[in-house]
Each structure stands twice: as structure tokens, then as C-alpha cells.
Amino acid sequence: MQLLKQTRQYQSELAGYCRTGILQQIPGIHTGNVVQYRKLVMNVVDDILQNAYPLTYDLLTGAEWDALVAKFFAGHSCKSPQVWYMPKELIGYMVDTDHALLKQYPMLLNLLQFEWLETEMFMMQDIPVPLTRNGDLLFSKLVLNPEHRLMVLEYPVHRKKPSDIRPEDQQAYYLAAHRDEEGQVVFTELSPALLRAVEHLQERAISIQELYQLIEQDFGIQLTETDHLAIIQFIQQAYAEELIKGFAPVT
Amino acid sequence: MVGIGYRKDFSEEFLNSDIISPSFIEVAPENWLGVGGYWKKQFQKALERYPLFTHGLSLSIGSPDELDFQFLANVKAFLKETGAELYSEHLSYAKCDNAHLYDLLPIPFTEDAVKHVAERIRKVQDFLEQKIAIEIVSYYTPVAPEITEIDFINTILQEADCELLLDVNNVYVNAFNHKYDARQFIEQLDLDRVRYIHMAGHEQVSDSLIIDTHGEAIIVPVYDLLEYTLELLGRDVPVLLERDFNIPEMEALQAEIRKLSNIKETVLKRTAHAVA
């Protein structure tokens, strides 16, 4: 026996009320108590979004935040059965609807992406990778931490308090985010050359010597001794902070 | 067996001290599915020490929407991977018009909803290749009711041939909010199907309304209702302490676990004597 259209409608109307606050006539409903559902649902949604985007919450006025949350939940059908993953959908919603706040706060999209990246990386599944800890940073093939993401930003939301960011701060910022053994998410700002180095390491394990050659090819330049030292220094730091996780096992 | 809902809010203290000694832990698969890093390590530590019961949030068994079999496949893999002893869900809906709501809404008490829900529980049980336990939820308003709550529940249990997760606090809350006798309600349930019991605290927000917050200590009348329930059951059933908000010191949670254990032991001894 299928659910009757009427029953389906009542369920839809109650769910709709929780999302929009607009209550239809539903038989038998206790109008004084039904408000609890709207409160409970919106508390959960608001709480989860605040936890995912604390910097955005601080940046916006209370009224802006409340309106954003209310319109998002009313206008967007949340797809994720896992509530911790739901905040990601806010970014898609704001982009898809060309939300006015994105124009009002030019750095807002970057801020949301930056905040979500931290949550997503903190929570993401473990990714095993074959490697050894025995190797030499200068000569062995380097293995990148597979639990990482690269990100390009237009505004320095990783460096500055959002309210201090000015239009003249707009430029390309390259970031690597990775998760260390303790599970903490570490952000590293990269120059264009180091971004290419990490992108090469994404493809396969390679040594520093190979990296020099690849970067020279990418940029059509001859690296100087100073450049080599800068790359070595970056690799040492990346290894210490676990962006580079180890060395390719010798087969 | 008395267990506790394992929550991230107190995970660190829970794992790093021996103040709490539950017989098992319970989690919502949704909160741990596909999670790695720090929380996976913590969860693994907990799994090494305690048997696992699971209690889902998002299956939305009472939804008018289609069942999400991809999600269910993930749950099935999770149950297998963790060796979970039980999977339970709520007799409610949390998704409608293809949108998750992240809370539990009451299903209309109607004949067609009974058929609809029972069929979905059967499908879920077939898919998971195991019986599931369905929890009676607390609710603050009926929705277009045509039959009684007790008939709604018992018929679903029978037609779905599933188990019952009896949340004693929910029955207390519902009895208060909808002005019926909690003991009589429990007497009328199909008690042979009770597989698992939940206990929790609540908050009375007005003269006529209690909200099932899981944010307060269990009150004496709910302990009394548990004792009554266990006497009716006359057998050992795992009991879970749920505490989701306003988390107290570990000692306070252990005191509640101890109290629940004492009630169980007392009733079981009493019923054993009665049988003998």
C-alpha cells in the first residue's frame, strides 16, 4: 500500500514549516507546540554552520547571519545525510544564487572555502600510501602526504582578519593544506614555483634534483644556487611538518 | 549491560580515564561514516575497549521520499567494519521533499503510513540482512492522526517484524505532553519485541510541555518507569544512557550508569525469585 497523497502532503507541510516557518493547516496539529520543531531544526542548522564557519559568523552582522541561515535552509534542499558535511552545501548555495553577501564582502567566498577546507580535511578519510621513513631529503624520491589539498585564493583570508582585508589585497595566493599525524590541519603558503613543485609531487614521487629540472622546464628559467637552497629549505620544512610524508620505497 | 552514548564532546576524558565503566557504547553511524584522522583514532580506541551498538539519525524510515540505498550501503559497510551488535533507527522522518532536516519529525498516525513504514523497515532489514530496532520517538504534536499511537506502533512492529527500541524517557515525555498514562502505554506495547532500552533526561519548558533534550540528568519518575518496564519484561535487556548536551562531569555520568545497573540488577533478582 502506498502512502496516500494526503499523508504525504501533511508530512511535506510539516517539513516545509520547519524549513520556512510558514505553517499550513494540518489536521490535529498542536499549533502551540509545533513551533518546537522549527526551533529544534533551526538550532541544529545554525549551530552546525556556526561551528563550521566561525570566522564568517564573526564577520557578518547578527542580522546578516540569521538571514543567510534562514534563506539557505528554506531555499536549499540539503542533500547530505551527515550533518557535519551539510555546511559545504552553503557555499554551493551562495554561489548558485549569486548571493548578495558575496558582493558586499568580496573576500567572503574565499573565507567560506578556507574555513570549510579545514573542516573537511580534519574529518576526511585516511588515505594510506606506500612509503618509507628511511631516505635522504636531497637524493631520495619524496612522497607527498596524500591527505592534502591545494587552494588558490584571491584574498589573504589565511593571513588577515577578514574585516582587515582591503580591496588592494586582491591577488593570487597559493595554499597547501595537509593533515599531520596528530590529525591537525596545517596550511602552507606557496610561491608559484613551489606550487608547481607540489603539483609535480602530486603526480608521482620525485627527488629534489628532478624537481629542479621540472621547475626549470615549467618556467623556462635556469635555477640559481639561491633558488636550489630555497627549494631545499621548503622541502625540509614540508618534511618536518609532514606535507612531505616520507620516501618512495625502493623496489 | 548498561552502555553510554559515545560523544565527541567527552571523548578525550572518556578514553583517558577509568571514571566511566559502561558495558558498551553507542554511536550514530552518520557521525562516524567516512571520518578519518583524529576522530577515527579516537573511535578506534573506543572500539578496542567496548562493544558497539548503533543508533541512526538520517535513514528517515517514515519519509515519503525514496529510501537512500547508497546511504544504507554505507551504513551496512560501517556495521560490518565496526562489528556493531545492533542497528536501530527512529520511528520518524528526517528527510522530506529530498531535503534533510537533521531532526526527527512525527509521522502521521494513519493506516497508510503504517503500511508504508512497515514496508520500508522490511526493505531495510532485507538490505542489511539483519533485524533492526525501531525507537518510539518523543513528539510534541500529533499530525493528522487517524489511529492511536499505540496501534500505530504495534502494527508497524508486527507488519515489519522488527525489534523495538523502547526509549523509556520518550514514553514519559509523550505521556506528559499528550496526557496519557505512561505505564498503561508500556503495558500495551508488544514487549516481546523489546531489544534495547534508552534512558535520558529532558527539560520541562511549560506546565504542559516537556522537550526531550538529552541535556539533563534522568529524573526519578523516569527511573521508576524503567523499573516498572523491566519488571514487565522479566528479562535482561541492554540499557543505554544518552547524554548529548550540557555534559556533566564524568563522575555524574558514572553515577547514572551505576543507578541504572542497580535498578536492572534489583529487578532481575526479583523476577528470578518470582519465577523460582
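# Two chains, questioned term by term

Modeller: In chain A, 47% of the 251 residues count as buried. Keep in mind as we talk that this is a predicted model.

Colleague: How do you know whether chain A is spread out or compact?

Modeller: Chain A has ten helices and five strands. Its radius of gyration is 24 Å, whereas the globule rule gives 18 Å for 251 residues; the value is well over the rule, so chain A is more spread out than a compact globule. Along its principal axes, the C-alpha trace of chain A spans about 80 × 50 × 30 Å.

Colleague: And what does the globule rule say about chain B?

Modeller: Chain B contains nine helices and twelve strands. For its 276 residues the rule gives 19 Å and the radius of gyration is 18 Å, which is close, so chain B is as compact as a globular protein of that length. The C-alpha trace of chain B spans about 50 × 45 × 45 Å along the principal axes.

Colleague: Let's turn to chain A in detail. Why are strand 2 and strand 4 called edge strands?

Modeller: The open sheet has three strands in the order 2-3-4, with antiparallel pairing. Strand 2 (148–153) and strand 4 (185–190) of chain A each pair on one side only. From one strand to the next, the twist averages 25°.

Colleague: How do you know that strand 3 and strand 4 of chain A pair?

Modeller: Pairing asks for at least two bridges. Strand 3 (residues 173–179) of chain A is joined to strand 4 by six bridges, and the two run antiparallel; therefore they meet the definition of a pair.

Colleague: How do you know that the length of helix 8 agrees with its residue count?

Modeller: Twelve residues (192–203) at 1.5 Å a residue should span 16 Å, and the end C-alpha atoms of helix 8 of chain A are 17 Å apart, which agrees. The buried residues of this helix are A:L194, A:L195, A:A197, A:V198, A:H200 and A:L201.

Colleague: What makes the approach of A:R133 to A:K245 a polar contact?

Modeller: The limit for N or O atoms is 3.5 Å, and the side chain of A:R133 reaches the backbone oxygen of A:K245 at 2.6 Å.

Colleague: Over in chain B, why is B:L15 called buried?

Modeller: With a relative accessible area of 4%, B:L15 falls under the 20% limit, so it is buried. B:L15 lies in helix 1 (residues 11–16) of chain B, and among its contacts are B:Y6, B:Q42 and B:K45. B:L15 and B:K45 are 30 residues apart along the chain, with their C-alpha atoms separated by 7.5 Å.

Colleague: How do you know that both faces of strand 3 of chain B are covered?

Modeller: In a regular strand the side chains alternate between the two faces of the sheet. For strand 3 (residues 52–55), B:L52 and B:T54 lie on one side and B:F53 and B:H55 on the other, and all are buried.

Colleague: Which strands of chain B pair with strand 12 in the parallel sense?

Modeller: Among them are strand 1 (residues 2–5), over three bridges, and strand 9 (residues 194–200), over four bridges.

Terms used: Residues are numbered from 1 along each chain as its sequence is written. Chains are lettered from A and ligands numbered from 1 in the order in which they are written. This is a predicted model: local features need pLDDT of at least 70, side-chain atom pairs count only at pLDDT 80 or more; totals for chains, interfaces and linings use all residues. Side-chain values use heavy atoms; hydrogens and water are left out. The expected span of a helix is 1.5 Å times one less than its number of residues. Buried means under 20% relative accessible area, exposed over 50%, partly exposed in between (1.4 Å probe, protein chains only). Axes are lines fitted to C-alpha atoms, for helices over the stretch in contact, and angles run from 0 to 180 degrees between N-to-C directions. A polar contact is a pair of N or O atoms within 3.5 Å; within protein, one must be able to donate a hydrogen and the other to accept it, and residues adjacent in sequence count only if both atoms are side-chain atoms. The radius of gyration is taken over C-alpha atoms; the globule rule is 2.2 Å times the number of residues to the power 0.38. Contact means heavy atoms within 4.5 Å. Lists of a residue's contacts leave out its neighbours within four places in sequence.
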